[in-house]
Every structure is written in structure tokens, then in C-alpha cells.
Amino acid sequence: MSKNIYVFCEQRDSAVQPVALELLGVARELAAKTGEKVCGVLLGHNVTEQAKELIAYGADEVYLVDDVRLAHYVTEPYAQAVYQITKQQEPNVFLFGATSIGRDLAPRLSARLRTGLTADCTKLENDEEGNLFMTRPAFGGNLMATIICPNSRPQMSTVRPGVMQKLQADYARAGEIFPVAIEWNESKFAVQVIEEVKEAQNVDKIEDAKILVSCGRGVKNTAPAFELASNLGGTVSSSRALVDAGVMEQSRQVGQTGKTVRPQAYLAFGISGAIQHLAGMEESEFIVAVNTDKGAPIFKVANLGIVADAAATMKELNKILAK
Ligand SMILES: Cc1cc2nc3c(=O)[nH]c(=O)nc-3n(C[C@H](O)[C@H](O)[C@H](O)COP(=O)(O)OP(=O)(O)OC[C@H]3O[C@@H](n4cnc5c(N)ncnc54)[C@H](O)[C@@H]3O)c2cc1C
């Protein structure tokens, strides 16, 4: 009998990724409806201590594989480990972060198990019987589709970082940690990591920023936006229009095919507010929109709307803040 809600708890360099904690948060909400357990799956090398963190953030049980073969993410060893855990434990639900690792691993597992996988969900709900309702944008983001997986288990889903909210950590929570021994089939290990070279991070992480100064096609010169972000202690983000135009790095893109952000303040300059953009920022705590078109859809989600020229407004703000 399939039961319990499993979360793949991604770690990199032994650091549990925020998306794993966010998924444990939503898993707890789902478990409250069915009375199921929340189970973390933690794979890696020298990650045993991190299992306690998962319990603090909502896991009742952690299935742990601490093995040198899992020191770097490589598809096949990771796929073998999650597959064997899934066959032994028979989860009802299995959630993954929609990161480069989760997007690689989750489809492998769903194919091996012959079950369904709904990618990039923005909402997860369930009923008392444990059926999962997975909602995600469809048809280019023009409608939201709720997808079910009634005939096979586990019900699998990926969720992008920043979409769900993690719980407050409680290091007094009780939970159990189960080390799992995997029967490796090394003859299938076609890829070996020889060396890991980390790309220099020269772009600020927009998903961590408290204040975002976001530029759209209505911003012709982005330099004042960087000045404004610096004056406010924030970071610059962008609509896809400026990324496609080669003006901004892809890592700054907010939206359906960019990042989901939830800053305390989101300042949108010259952004129309297309549904694909809103999908990535409408959960921001306070939204300011500056646009010359008073009918721009961005004003519908804005807490404060200013019908004005983006460049002139930024110039004025920089003048005031520089004083
Ligand atoms: C499958 C799919 C995925 C997508 N994913 C994303 C995504 O992740 N993120 C994303 O952003 N988009 C995404 N898009 C594109 C999206 O549909 C829009 O085309 C895009 O968001 C538009 O960017 P924009 O608002 O900067 O430009 P526009 O829509 O061209 O809007 C520019 C705005 O600037 C205003 N303006 C012009 N001049 C000034 C001025 N001087 N001062 C102030 N305002 C001015 C205009 O009134 C207008 O409202 C996606 C599209 C598809 C089909």
C-alpha cells in the first residue's frame, strides 16, 4: 500500500538547498489532511548531520544514503538510490525541487516506476484519501491546469524554488533517521566526475534579495536601476524582454521561465505585467509599478502604481536617496 509524502532533499556541497525545506513545508500541509508521515530522502557524502535539519523543518523520517558514490550529483547513482528507496517504501507522493538536479532526477525515477510526473507545480493540494491535485501553468501560462495521477503511485511533482514556504525550524522536533544500504549496479555508471569547476558567481541572487528593482522593456538604460538598487540595498532583476534582448543575464529573469521571487519590495519599472512575469513575482510583499501606460496589467497586482516615465522616476529617487 502506497503511503506517506516523500521529499527529495537536495544538498549541494553538503548544504541542504532551500527548496528542500520549502517542500517539507508543503508536505506537512498535505500530511495534515491525510495523517500521513513526511519523509525526507537525503543522498550525498558526509551529509548525516544534515538529516537533523530536515527533521527540524518538518520531516518525521529521513531516509539517508551517505556514500562516496553520491559525493557529486551524477544521474545514474542518484537514480539507483531513489529508485531502491521508492521500491522499498512505496511512497504515496514524491516531491522534487525543480532545480537542474530535480529536473534531471525526477523524470528518471518516474520513467523507471512508470508513474506520472507533473513539472513546475505552483500549487499542491490533496484530499483525505491522499489524492494529489497538482496545479501548474499551461498553454504558455494562459491558464492554470490541475493535474491528477489516479492510476499509479507515487504521485510525483516538481516545484520551483521560492514557490512554497518553509516552516520555522524547530530543533526540538522528534524524528527518525534510517540509513539505507543501496545495492549498486556500477556497470551502469557510464559517467564519472573527474573535476568540478565552479563558475564564478558575478550576479547577485535575486531570489534572496529583500528589495528588487526590476526592469522591463520600458527601461532603455539600466545603469540608473543598478544605482537605485545599490541605494536601496537591493538587487536588479528583469523581465524576459530584456533577457531576450541580451541586456540582462538570464539569472536575473523573474517569471515562469525565470525565477520565482518573494521580496519585501518589488519595484517594477517599464514592465507590462504579462501573466508569465506575474507568475514569478505576484507573491512579493509590496509591489510598486512605474509605467507610462495607465492600463498596464502590472497595476492590477501593484500596491502602489505610478503612471510616469521609468527613467525620470529612477533619476528622481536616486537624487533623493543620494542626499
Ligand atoms: C512560455 C512563455 C514563458 C515566458 N516566461 C517569461 C518569464 O519568465 N518572465 C517574463 O518576464 N516574461 C516571460 N514571457 C514573456 C511575457 O509574455 C512578456 O512578453 C514579457 O514579460 C514582457 O516583458 P516587458 O513587460 O518588459 O515588456 P512589454 O510587454 O513590452 O512591456 C513594456 C512596458 O513598458 C512600458 N513603458 C514603455 N516605455 C516606458 C517608459 N519610458 N517608462 C515607463 N514605462 C514604459 C509600456 O507601457 C509597457 O507596459 C514568457 C512568454 C512565454 C510565451
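This is a predicted model: local features need pLDDT of at least 70, side-chain atom pairs count only at pLDDT 80 or more; totals for chains, interfaces and linings use all residues.
**Figure 1**

**Figure 2. The length of helix α3.**

**Figure 3. The surroundings of helix α3.** Because eleven of its 15 residues are buried, α3 is largely enclosed by the rest of the structure. The buried residues include the run from T75 through Y78, as well as Q84, I85 and T86. They pack against five strands, β1 (5-8), β2 (11-12), β4 (38-44), β5 (61-66) and β6 (93-97), and against the helix α4 (100-113).

Figure 4. An oxygen atom of the ligand lies 2.9 Å from a backbone N or O atom of Q256. A polar side-chain atom of H277 is also placed 2.9 Å from a ligand oxygen atom. At A310, a polar backbone atom lies 2.9 Å from a nitrogen atom of the ligand. The ligand taken alone exposes 980 Å², of which the protein buries 75%.

**Figure 5. The shell around the ligand.** The ligand is surrounded by 24 residues, and the closest are R217, S239, T257, S272 and D309. Sorted by class, the shell holds six nonpolar, 14 polar and four charged residues. Two elements, α6 (240-244) and α7 (275-281), each give two or more residues to this shell.

Methods
Residues are numbered from 1 along each chain as its sequence is written. Side-chain values use heavy atoms; hydrogens and water are left out. A residue is near a molecule or strand if one of its heavy atoms lies within 4 Å of it. A polar contact is a pair of N or O atoms within 3.5 Å; within protein, one must be able to donate a hydrogen and the other to accept it, and residues adjacent in sequence count only if both atoms are side-chain atoms. Accessible areas come from the Shrake-Rupley method with a 1.4 Å probe; for residues, only the protein chains shown count as cover. Helices (H or I, at least four residues) and strands (E, at least two) are DSSP runs, numbered from the N terminus. Ala, Val, Leu, Ile, Met, Phe, Trp, Tyr, Cys and Pro count as nonpolar, Asp, Glu, Lys and Arg as charged, and the others, Gly among them, as polar. Buried means under 20% relative accessible area, exposed over 50%, partly exposed in between (1.4 Å probe, protein chains only). Contact means heavy atoms within 4.5 Å.
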